Amino acid sequence: GMPAEDLIGKRYWEVFPKLDGPLPGCRSATEGREASVEEEVALPGGEAYLSRSFPIANGRGEYLYSFHVLQDVTERNRVRDAIETSERKFRSLIENASDLVCVIDAGGVITYVSPSLRRLGGYENEEVLGRNIMEFTHPEDLPAAAAALSALMRDPDGLHADEIRLRHRDGSFVVLHS
C-alpha cells in the first residue's frame, strides 16, 4: 500500500513486516550459519507470512545481502485452524457418543472404532482394530452383512440400514442397527 519511492533505500523490516530488526533467517545468513531459511512471521493483526531468506555472496563466498520472499499465508492458516477446530469437535462428538461408531475399509477391516465399544461390545479398541468385521458377526447374519457391505461399497453416499448381531466379548450377541 506504499508508493515505491517510499520503499527505496529502506531496510525491509522498517517497511514490512515492521520489526525491530532483521528476521532470524536473515541474521543467520549474515553470520554464515544457514544457506537458506524458511520461517513464519505472525503480525499483531493476525496476518501471517512465510519468509524465505536466501543469502547472496560474492565470488569469494563473502556475504553481500539476503534475498527475501514473503508469501501471505494468513488465509491458509485460518483454513487450517478452522479444519483443526472442526476435527477436534467431531472427534469429541464421536468419542463421547453412546452409539458405536466403526469405520471399516472396503474389505471389511476395522480401521477405527469409538470408545463406546467397551460398553457395547466388551472389547478394548486394540482388540478389534485391523480385524475383519465379519469375525464378530453372528454366523447366521454373515450373508446379510456381506450384502450390506457390498451395497455400501457400490453406493457409499447412499443410506443403508441393517440390523446385525455382533459377538460381545463374553460370547453373547448384541443386536446393532447400522
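The structure is a predicted model, in which local features need pLDDT of at least 70 and side-chain atom pairs count only at pLDDT 80 or more, while totals for chains, interfaces and linings use all residues. Residues are numbered from 1 along each chain as its sequence is written, and side-chain values use heavy atoms, with hydrogens and water left out.

- Thr74 belongs to helix 4, which covers residues 74–96; helices (H or I, at least four residues) and strands (E, at least two) are DSSP runs, numbered from the N terminus.
- Thr74 counts as buried because its relative accessibility is 8%, where buried means under 20% relative accessible area, exposed over 50%, and partly exposed in between (1.4 Å probe, protein chains only).
- Apart from neighbours within four places in sequence, Thr74 is in contact (heavy atoms within 4.5 Å) with Gly46, Glu47 and Ala48.

**Aromatic pairs**

- Rings of Phe, Tyr and Trp (its six-membered ring) pair if their centres lie within 6.5 Å; planes under 30 degrees apart count as stacked, over 60 as edge-to-face and the rest as tilted.
- By this rule there are two aromatic pairs.
- One of them is the tilted pair of Phe54 and Phe67, with 6.4 Å from centre to centre and 40° between the planes.
- Phe54 lies in strand 2 (residues 48–57) and Phe67 in strand 3 (residues 63–72), so this pair ties together parts that are 13 residues apart in sequence.
- Phe54 is partly exposed, at a relative accessible area of 32%, and Phe67 is also partly exposed, at 46%.
- The pair of Tyr123 and Phe136 is edge-to-face, because the ring centres are 5.2 Å apart and the planes stand at 80°.
- This pair links distant parts of the chain, 13 residues apart: Tyr123 is in the loop between helix 5 (117–121) and helix 6 (125–128), and Phe136 is in the loop between helix 6 and helix 7 (142–154).
- Both Tyr123 and Phe136 are buried.

**A nonpolar surface patch**

- Patches are made of residues with over 30% relative accessible area and no salt bridge; like charges are joined within 9 Å, and nonpolar side chains (Val, Leu, Ile, Met, Phe, Trp, Tyr) within 5 Å.
- Phe54, Phe67 and Val69 form a nonpolar patch on the surface, with about 240 Å² of accessible area together; accessible areas come from the Shrake-Rupley method with a 1.4 Å probe, and for residues only the protein chains shown count as cover.
- Val69 is in strand 3 and is partly exposed, with a relative accessible area of 31%.

**Salt bridges**

- A salt bridge is a side-chain nitrogen of Lys or Arg within 4 Å of a carboxyl oxygen of Asp or Glu.
- The count by this rule is eleven salt bridges.
- Among them is the bridge between Arg60 and Glu62, at 3.0 Å from N to O.
- Arg60 counts as exposed, at 67% relative accessibility, whereas Glu62 is partly exposed, at 39%.
- Arg91 and Glu95 also form a salt bridge, with their closest N and O atoms 3.2 Å apart.
- Arg91 and Glu95 are separated by about one helical turn, because they are four residues apart in helix 4.
- Arg91 is partly exposed, at 48%, and Glu95 is partly exposed, at 32%.
- A further salt bridge joins Arg169 to Glu127, whose closest N and O atoms are 2.8 Å apart.
- This pair links distant parts of the chain, 42 residues apart: Arg169 is in the loop between strand 6 (163–167) and strand 7 (173–177), and Glu127 is in helix 6.
- Arg169 is exposed, at 51%, while Glu127 is partly exposed, at 25%.
- Arg80, Asp81 and Glu84 are linked in a network of salt bridges.

**Distances across the chain**

- Ile83, in helix 4, is partly exposed, with a relative accessible area of 44%.
- Ile83 and Asn132 are 49 residues apart in sequence and 31 Å apart in space, C-alpha to C-alpha.
- Pro143, in helix 7, is exposed, with a relative accessible area of 57%.
- Pro143 and Phe173 are 30 residues apart in sequence and 17 Å apart in space, C-alpha to C-alpha.
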